[in-house]
Amino acid sequence: IYVDQRLRSSRNLVRHQKLMVRQIAALALWDLDLADHLVDQPEGDIFDAEAVLRTCRVALRRDGEPMQANWEAGGVDSIDGVELSHPFVLLDQGDPGGELRRRLWAAQAAELLPLIEMRRRDLVQGLARHVPCPFWIDGGKRQVRSLHELEIGSLAYVTQTHGVRGELRERAEWLARCRNTLAHLGLLGGADALDARLHG
């Protein structure tokens, strides 16, 4: 809520606002000074967690000393019963477990996977006139009675096998790539994550 209000007061409301809120909150956690600083960074910078956090660390920890990994120093806290390290602590330790990346991935997956599903449903409506049903896939082993049965990867494949060209096919293939990246615990870059085709 804090990050959302800060973003609303500092810039115009954008369609990808919720994604930015989730990513900033995932990085800043309980540190409101860090959240404020991240809100003021260019949107694209938030997608490179280590680089943007190093910039913030220089600005916010002017003494240059590493943050201690304890509660008293603000380096560790418990959220919902899980002990979490401050991002500056993870930076100082070299983030050996890839925790910063995992936090950003969780933020992206929570916001973008439902959007991909919504865009898949929109795509089905546009493809209905190009791909008549029923038809067979998987080498004739499975009959598709409605395009609504297909997840985005299969839908992208169907655009290829049915000779669909242009924007519909490109959108289906792009959505499938985005979904596959997130499904395999990968992060989307700013260009894909902020693309208007995803946010409607």
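I take helices (H or I, at least four residues) and strands (E, at least two) as DSSP runs, numbered from the N terminus. The model is a predicted one, in which local features need pLDDT of at least 70, side-chain atom pairs count only at pLDDT 80 or more, and totals for chains, interfaces and linings use all residues. Residues are numbered from 1 along each chain as its sequence is written, and side-chain values use heavy atoms, with hydrogens and water left out.

**Entry 1: D40**

I located D40 in the loop between α3 (32–39) and α4 (49–60). D40 counts as exposed because its relative accessibility is 53%. I then looked up its contacts, where contact means heavy atoms within 4.5 Å. Apart from neighbours within four places in sequence, D40 is in contact with R6 and R11. The C-alpha atoms of D40 and R6 are 9.3 Å apart, with a sequence separation of 34 residues.

**Entry 2**

I require at least two DSSP bridges between two strands before I call them paired. Strands β1 (residues 76–79) and β2 (residues 82–85) run antiparallel and are joined by 4 bridges. V76 has S85 in β2 as its bridge partner. The two strands, β1 and β2, form a hairpin with 2 residues between them, and D80 in the turn has a positive phi of about 55°.

I placed D77 in strand β1. At 24% relative accessibility, D77 counts as partly exposed. Not counting residues up to four places away in sequence, D77 touches W30, W71, V82, E83 and L84. I also noted that D77 and Q93 are 16 residues apart in sequence and 17 Å apart in space, C-alpha to C-alpha.

**Entry 3: helix α8**

For its 17 residues the helix should span 24 Å, and its end C-alpha atoms are 24 Å apart, which agrees.

Which residues of α8 are buried? I list L168, R169, R171, A172, W174, L175, A176, C178 and L182. An α-helix has 3.6 residues a turn, so residues three or four places apart point the same way. The buried residues of α8 pack against α6 (99–127), α7 (152–161), α9 (190–193) and α10 (196–199). C178 has 2% relative accessibility and therefore counts as buried.

**Entry 4: backbone exceptions**

Most residues other than glycine have a negative phi, and most peptide bonds are trans. I recorded the following exceptions.

L185, in the loop between α8 and α9, has a positive phi near 65° although it is a residue other than glycine. With 54% relative accessibility, L185 counts as exposed.

L29 is not a glycine, yet has a positive phi of about 55°. I found L29 in the loop between α2 (17–28) and α3. It counts as partly exposed, at 23% relative accessibility.

C133 and P134 are joined by a cis peptide bond with omega of about 5°. P134 is in the loop between α6 and β3 (135–137). C133 counts as partly exposed, at 32% relative accessibility.

**Entry 5: disulfides**

How many disulfides does the structure hold? I took a disulfide to be a pair of cysteine sulfur atoms within 2.5 Å, and the structure holds 0 disulfides.

Key:
The expected span of a helix is 1.5 Å times one less than its number of residues. Buried means under 20% relative accessible area, exposed over 50%, partly exposed in between (1.4 Å probe, protein chains only).
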